[in-house]
Amino acid sequence: MRRRGRRLPRAYSLSCTDSDWGRTRVLAERKGLSISRYMVECGLTVDPQTEPVPPPRLVLDEAEQRALLGHVTAIAERTVSAEAEEALMIRVRNSLAFLAEETMRTMMREGREEELRTLLIDLFGEDAAVASVDRLRVRTSAESSDSH
């Protein structure tokens, strides 16, 4: 039985992309609203007379690209001389190896060995992953026995 004086809400349709609908769903959930209620509230807070702010440009024109290249080239020339390039690459390689090993050691200490093994399998294959984890386990246990 319907109450007197209250009208049933009207239904309207809306067309949008799946991406827009998904984004709308997330935004509505964040506010604790249904999608319908969220859209109505958003629609009531927009002034249709104002022009929307244009989105930022995501590409550079030719002059901007050339200027960027010039700046990057100047930075590279000041930071790496030709004879130091090989030494720099060795340093970068060693730094990356150190960071990778430290990350793997942390994962082992945190009991995430299976996660580590899965990541290594994805990167290097089963045999290399197993060998890497075994080597790391041996080094870690040798270091812990040396510290006692």
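Is R137 buried, partly exposed or exposed? I looked up R137 and found a relative accessible area of 37%, which puts the residue in the partly exposed class. I note here that the model is predicted.

**Entry 1: the partner of R137**

I followed the side chain of R137 to E113, which R137 meets in a salt bridge at 2.2 Å, N to O. E113 belongs to helix 5 and R137 to helix 6, so this pair ties together parts of the chain 24 residues apart in sequence. I then checked E113 itself, and at 28% relative accessibility E113 is also partly exposed.

**Entry 2: salt bridges around E101**

I took the salt-bridge count and got 11. I went next to E101, whose side chain forms a salt bridge with that of R105 at 2.7 Å, N to O. The two residues are 4 apart in helix 4, so about one helical turn separates them. E101 is partly exposed, with a relative accessible area of 21%. R105 has 14% relative accessibility and counts as buried, because the buried class takes in values under 20%.

I found a second salt bridge from the side chain of E101, this one to R139, at 3.0 Å, N to O. Here the pair links distant parts of the chain, with E101 in helix 4 and R139 in helix 6, 38 residues apart. R139 is partly exposed at a relative accessible area of 33%. I therefore wrote down E101, R105 and R139 as one network, since salt bridges are side-chain contacts within 4 Å and these residues are linked by them.

**Entry 3: the core**

Which residues make up the largest nonpolar core? I listed M104, M107, M108, L116, L120, A129, V133 and L136, 8 residues in total. Helix 4 (85-109), helix 5 (113-124) and helix 6 (126-146) are the elements that each give two or more residues to this core.

I looked at L136 in more detail. Setting aside residues up to four places away in sequence, L136 touches E101, M104, R105, M108 and L116. Among these, M104, M108 and L116 are core residues, while E101 and R105 are joined in the salt-bridge network with R139.

**Entry 4: the surface of helix 4**

I searched for nonpolar residues on the surface and found a patch formed by L88, V92, L96, F98 and L99. Together they have about 460 Å² of accessible area. I picked out V92, which lies in helix 4, and noted that V92 is partly exposed at a relative accessible area of 36%.

I also looked at T106, another position in helix 4. T106 is partly exposed, with 25% relative accessibility. I took the C-alpha separation between T106 and D134, which are 28 residues apart along the chain, and got 15 Å.

I moved to T24 in helix 1 (residues 18-31). Is T24 buried or exposed? T24 is buried, with a relative accessible area of 14%. Apart from neighbours within four places in sequence, T24 is in contact with I35, Y38 and M39.

L33 sits in the loop between helix 1 and helix 2 (35-44). I read its relative accessibility as 25%, so L33 counts as partly exposed. With neighbours within four places left out, L33 is in contact with A28, Y38 and E41.

**Entry 5: cysteines**

How many disulfides are there? I counted 0. Seen from C42, the nearest cysteine sulfur is that of C16, and C42 is in no disulfide. I checked the accessibility of both: C16 is partly exposed at a relative accessible area of 35%, and C42 is partly exposed at 30%.

Terms used:
Residues numbered from 1 in each chain as written. Predicted model: local features only at pLDDT ≥ 70, side-chain atom pairs only at ≥ 80, totals over all residues. Heavy atoms only, no water. Core = buried A, V, L, I, M, F, W, Y, C linked by side-chain atoms within 4.5 Å. Buried < 20%, exposed > 50% of the residue type's maximum accessible area, 1.4 Å probe, protein only. Contact = heavy atoms within 4.5 Å. Patch = residues over 30% accessible without salt bridge, like charges linked within 9 Å, V, L, I, M, F, W, Y side chains within 5 Å. Areas by Shrake-Rupley, 256 points an atom, 1.4 Å probe, with all protein chains shown as cover. Disulfide = S-S within 2.5 Å.
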